[in-house]
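Open the model in your viewer and keep the selection panel handy. We will take a short walk through it together, one stop at a time.

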Amino acid sequence: MMNLIKKLESGDRINAEEALGLYELDLFDLAKFADAKRRQMHGKKVFFNINRHINPTNICADVCKFCAFSAHRKNPNPYKMSHEEIMQIVDESVKNGAKEVHIVSAHNAQSGWQWYLEIFKKIKSKHPTIHVKAMTAAEIDFLSRHYSLGYDEVIEKMLEYGVDSMPGGGAEIFAEDVRAKICKGKVSSQNWLEIHKKWHEKGKESNATMLFGHIESRADRIDHMLRIRDLQDITGGFNAFIPLVYQRENNYLKDVKFLGSVEILKTMAISRLVLDNMPHIKAYWATSTLNLAMIAQEFGADDLDGTIQKESIQSAAGAASAHGVTLKTFCDLIKTSGFIPVERDSLYNEIKTY
């Protein structure tokens with residue numbers, strides 16, 4: 001353990017065995033090292049953006065056991081928005097100051113690939129300055145399989161139709177034995193990484209996520225982080241890593257104990273220490289509560305995501321994120337926690353310090 005402490009003090013890169021050993025450290029020792037790294041990179045800044053999440057359909061060809069959003073027995077309310085309905089939401093969001101629309105759909109086999117992609121062109125045509133973050137690797141994989149399109153073809157269409165950056169969804173946990181139990185049939189871990197690599201090779205940026213707190217092991221989490229780190233070494237295309245806390249209501253994963261705050265904060269801190277090449281660690285408040293996400297800013301995280309305005313996927317599973325938060329709430333909470341609120345754009349260019 002002393003060797004691990006020395007490595008943390010020197011800032012040397014941590015290997016898989018050492019990364020797993022970090023979980024055995026005292027929470028506040030971990031916090032000390034993660035916070036030092038975070039402050040070295042970002043000082044006291046806490047980043048956020050003004051964004052709107054839009055989930056155009058919940059009709060899904062896949063059956064992920066952890067998902068409470070897609071239409072199934074526990075959520076018997078299928079829907080699919082028209083492009084006109086989506087545009088109304090975008091118009092309203094722009095009016096309310098949103099600089100990003102974050103668009104993630106279920107895998108709707110009834111729609112045609114044009115429904116997925118043409119909305120981006122409509123958004124950009126009417127609101128050319130808004131950032132379109134859309135199309136997870138899982139959606140790209142679905143369109144590729146369902147419509148006999150190569151990954152390169154889907155990515156070219158995304159660029160042609162106006163997608164600016166990719167969200168990190170669909171990663172879940174990379175361990176294939178766990179994926180077989182919780183999201184069988186969804187994009188494989190290898191293909192998730194391959195899709196993001198192709199996106200980065202186009203000069204575009206994306207996020208990376210990890211869903212934790214379900215049936216995965218600590219070793220699975222470390223494996224996930226290291227595979228992200230390996231790709232980041234090659235492409236440098238990830239701008240943030242987002243550890244997503246599993247939400248346990250209204251789904252089909254049985255007997256999963258709720259993850260305690262200590263384990264959540266340890267995982268945040270370890271993410272910062274292991275992912276030494278990742279610019280930002282995001283404590284996505286929609287899955288961890290706003291207060292815990294704020295505490296995570298002292299455990300290596302430097303970002304809260306955004307005001308969201310409305311969110312459907314996490315809230316369907318019990319998260320308190322359905323209606324977002326106000327800009328004032330964000331800024332007040334950040335300031336009273338001793339940090340500096342910094343509004344950013346989707347690629348982390350600083351817009352305004354409050």
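**Stop one: the sheet**

Select the 4 strands that form an open sheet with mixed pairing, in the order S7-S1-S8-S9. Strand S7 (303-306) and strand S9 (350-353) are at the edges with a single partner strand each, so one side of each has no neighbour in the sheet. From one strand to the next, the twist averages 30°. Strands here are DSSP runs (E, at least two residues), helices are runs of H or I with at least four, and both are numbered from the N terminus. Two strands pair if DSSP finds at least two bridges between them.

This is a predicted model, where local features need pLDDT of at least 70 and side-chain atom pairs count only at pLDDT 80 or more, while totals for chains, interfaces and linings use all residues. Residues are numbered from 1 along each chain as its sequence is written, and side-chain values use heavy atoms, leaving out hydrogens and water.

Now pick strand S8 (residues 340-344), which pairs with S9 in the antiparallel sense over 3 bridges. Find Arg344 and look opposite, to Glu350 in S9.

**Stop two: helix H3**

Next, select residues 27-42, helix H3.

Colour its buried residues (under 20% relative accessible area, 1.4 Å probe, protein chains only), among them Leu27, Phe33 and His42. The buried residues of H3 pack against helix H1 (2-10), strand S1 (45-49) and helix H11 (261-274), with contact meaning heavy atoms within 4.5 Å.

Finally, look just after H3: Gly43 takes a positive phi of about 60°.

How values were computed: Expected span 1.5 Å × (residues − 1). Buried < 20%, exposed > 50% of the residue type's maximum accessible area, 1.4 Å probe, protein only. Axes fitted to C-alpha atoms, helices over the stretch in contact; angles between N-to-C directions.
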